[in-house]
Amino acid sequence: MTFRQFACNNVLRNKRTYAAFFLSSVFSVMIFFVYAMFIFHPGIADEEIHGSVATGMMVAEYIIFLFAFFFLFYCVGAFLKKREKEFGILFMHGMTAKQRNLLIFMENMLIGIVSIIFGIGLGLVLGKLFFQLAGFLLDVQALEFYFPWQAIGLTFVAFLILFVAISFFTVLLLRSRSLLDLLQGSQRPKREPKASVFLSLLAAGLIIIAYTLALTADGISVVVLLLPVTVLTIAGTYLLFTQMSVFLIAFLKKNRFFYWKRTNLITLSDLDYRMKDNARMFFLVSIVSTIAFCAIGTLAALAGSIQETVVKTNPFAFEYQTKKSNLEEQKHLSLIENGLQQAGFSFEKHQVTMRILPQKVNEEKVGVVKLSDYNQFALAANTRELKLNENEAFLVVRWFGDAVESKVLDVGQRQLIVKTDTKMNPLLSGLDFERLAVIPDAVYDGLTGLEEEMRYGYVVPKWKDTQEISLKLEEQIEHYGEHYYFSARAPVYHSMKQMANMALFIGLFVGVLFFVAAASFLYFRLYTDLENDKRQYGAISKIGLSDQELSRIVTIQIALLFFVPIVVAIIHSMVAFVSLQSLLKIMLIASVVKPTAIVLLSFVVVQAIYFWIIRNRYLFHLKRSMSR
């Protein structure tokens with residue numbers, strides 16, 4: 001047998017342990033390759049698909065590549081630790097350290113090259129399906145399939161370099177251990193896990209502080225507190241698994257009534273060892289899952305709120321604002337109305353007039369509008385109407401959350417008390433003034449000789465279908481003229497929808513990649529303990545452990561392994577979503593509850609199915625071993 005055949009056999013003999021690692025590598029390569037197919041697709045440069053789609057996918061490529069490096073590096077290091085006994089035996093039979101390094105390098109490259117080939121092959125098979133899915137989400141014609149030589153070359157070279165780098169660094173970082181240590185491998189006696197009371201309390205304190213800051217943050221302060229809250233949460237989560245979990249298990253063990261009840265003694269006897277051994281893995285799974293949940297939930301909320309956001313920021317399907325001196329007013333209005341009529345769209349036309357006060361307030365020009373005209377316009381736009389007393393004025397904010405400092409407003413010979421609502425979306429704005437005030441009809445009618453601006457709003461029931469005529473009108477009427485302003489809702493809606501769905505499309509697969517990686521961690525750790533569990537439960541079964549009791553104990557232990565980090569990730573994500581809610585309101589995203597619930601529930605269901613499959617396979621191997 002040659003050295004190359006020996007390396008191949010090593011991989012094949014450890015295929016059960018390598019399975020999750022291999023599948024995760026294939027999935028990483030496939031996602032990277034599919035995004036590369038989009039980036040290099042000839043049709044991506046067409047005007048129909050926004051150019052930022054390719055930019056967003058390129059950013060996703062960097063994220064996938066960086067994540068794949070750390071994920072594979074961690075996995076390879078963990079596999080080598082598990083194989084210490086095997087290396088000890090090989091050293092006894094004359095293998096040198098140089099040959100061991102070469103063996104590790106060849107094994108890694110073998111898995112890497114096969115993963116690349118399978119990942120690219122799977123990407124080619126599913127490429128057309130991905131193009132159709134992207135076309136559906138981006139609301140465009142699906143891209144045609146093509147043979148992506150550039151994408152294949154980029155993916156193959158990028159991941160080949162990645163696997164070479166990982167193999168090189170893994171060999172470089174291997175510690176020299178004594179032959180006795182290597183032969184003992186995982187059988188080395190372990191010291192009883194100890195937990196620091198101070199660090200356990202610190203874990204609880206850090207998480208409580210992080211949650212308090214996140215839940216009490218409001219508006220833009222969410223962005224300011226994002227970094228410190230993230231750092232506190234990560235530190236608290238690490239101490240939660242390395243210290244606090246061991247402390248709580250030790251506390252349960254001291255409770256004899258609970259510890260000696262039924263099979264709790266067997267379940268808890270080595271749970272603290274498992275928690276201590278798997279603490280870093282639990283920590284990684286929790287953080288990676290939290291990122292995946294938050295990213296997908298936020299993007300789903302953003303994509304689901306596009307129509308509501310666009311309607312709030314563009315109350316009418318078409319809007320035209322003009323100064324009285326605009327000579328093209330009637331020409332532009334005729335273009336809009338004739339265009340709608342010729343295209344077969346029914347519409348309602350609404351008009352409002354505003355006047356500009358001669359004096360400035362806080363260095364800002366102020367326009368005024370009659371209360372009855374404003375309410376008529378607001379009713380047509382399906383927004384909030386206003387009520388005013390004779391001595392009051394309502395100052396409209398310029399954007400959501402804008403501050404209003406003025407307490408009174410001088411209008412003509414009257415001084416009006418200012419009212420406002422900083423959470424109300426602005427319905428009207430001005431061309432020649434910065435602030436708009438709604439004033440009582442009687443006060444408005446008393447103003448004469450002032451400059452005027454008119455705003456026209458067109459309500460079109462089937463406004464989503466006006467994309468073509470909107471683009472034509474935008475060519476005929478510039479958005480901003482010296483004396484007018486024109487806007488159409490449909491192009492804004494289609495552009496934002498494409499951007500949001502593109503972000504969801506990219507984030508969804510990156511998030512799924514993170515989730516698959518987290519599942520791979522769990523699978524690897526579980527099968528690392530299989531040999532030990534076979535010996536342990538085999539010995540206990542000889543003194544009367546029944547199959548039902550074995551199933552119950554293993555189910556609880558695997559459930560803890562699978563669901564503790566996911567539950568922590570879900571709690572982290574729910575706190576993050578509550579905090580993000582106040583920030584997203586500024587972006588006019590009404591609620592993240594529904595998309596968040598769908599995302600979290602979907603992940604829990606997938607995790608439960610995965611748990612059930614792995615649990616049954618694990619029990620099958622244990623029982624088969626015990627029956628021999």
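E364 and R435 form a salt bridge, with their closest N and O atoms 3.2 Å apart; a salt bridge is a side-chain nitrogen of Lys or Arg within 4 Å of a carboxyl oxygen of Asp or Glu. E364 lies in the loop between β2 and β3 and R435 in strand β7, so the pair ties together parts that are 71 residues apart in sequence. Both E364 and R435 are buried. Buried means under 20% relative accessible area, exposed over 50%, and partly exposed in between, with a 1.4 Å probe and protein chains only. Helices (H or I, at least four residues) and strands (E, at least two) are DSSP runs, numbered from the N terminus.

This is a predicted model, in which local features need pLDDT of at least 70 and side-chain atom pairs count only at pLDDT 80 or more, while totals for chains, interfaces and linings use all residues. Residues are numbered from 1 along each chain as its sequence is written, and side-chain values use heavy atoms, with hydrogens and water left out.

## Salt bridges

The structure holds ten salt bridges. The table lists three of them.

| Salt bridge | N to O distance |
|---|---|
| E364 and R435 | 3.2 Å |
| K324 and E452 | 3.4 Å |
| K331 and E328 | 3.8 Å |

The side chains of K324 and E452 meet in one of these salt bridges. This pair links distant parts of the chain, 128 residues apart: K324 is in the loop between β1 (318-323) and α14 (329-342), and E452 is in strand β8 (residues 452-459). K324 is exposed, with a relative accessible area of 59%, whereas E452 is buried at 17%. Salt bridges that share partners join K324, R355 and E452 into one network. In the pair of K331 and E328, K331 is exposed at 51% relative accessible area, and E328 is partly exposed at 34%.

Strand β3 (residues 366-370) has five of its five residues buried, so the strand is largely enclosed by the rest of the structure. In a regular strand the side chains alternate between the two faces of the sheet. Both faces of β3 are covered, with V366, V368 and K370 buried on one side and G367 and V369 buried on the other.

Two strands pair if DSSP finds at least two bridges between them. Strand β2 (residues 348-356) pairs with β3 in the antiparallel sense over three bridges, and I356 has G367 as its bridge partner in β3. The pairing of β3 with β7 is parallel and runs over five bridges. Here G367 stands opposite L436 in β7.

Strand β4 (residues 392-396) also has five of its five residues buried, so β4 too is largely enclosed by the rest of the structure. One side of β4 holds E392, F394 and V396 and the other A393 and L395, all of them buried. Three bridges join β4 to strand β6 (residues 414-419) in parallel, and three bridges join β4 to strand β7 (residues 435-439) in the antiparallel sense. F394 has a bridge partner in each neighbour: K419 in β6 and V438 in β7.

## Loops

N382 is in the loop between α15 (371-380) and β4. N382 has a positive phi of about 60 degrees although it is not a glycine. Most residues other than glycine have a negative phi. N382 counts as exposed, at 71% relative accessibility.

G43 is in the loop between α2 (15-39) and α3 (52-82) and counts as buried, at 12% relative accessibility. The C-alpha atoms of G43 and N314 are separated by 31 Å, and the two residues are 271 apart along the chain.

T233 lies in helix α9 (residues 221-254) and is buried, with a relative accessible area of 14%. The side chain of T233 reaches the backbone oxygen of V229 at 2.7 Å. Leaving aside residues up to four places away in sequence, T233 touches A210 and H572, where contact means heavy atoms within 4.5 Å.

I113, I117, F118 and F156 form a nonpolar patch on the surface, with about 360 Å² of accessible area together. Patches are made of residues with over 30% relative accessible area and no salt bridge, joined within 9 Å for like charges and within 5 Å for nonpolar side chains (Val, Leu, Ile, Met, Phe, Trp, Tyr). Accessible areas come from the Shrake-Rupley method with a 1.4 Å probe, and for residues only the protein chains shown count as cover. Helix α5 (residues 97-138) gives the most to this patch, with three residues. F118 lies in helix α5.

Definitions and conventions: Polar contact = N/O pair within 3.5 Å; in protein donor to acceptor, adjacent residues only side chain to side chain.
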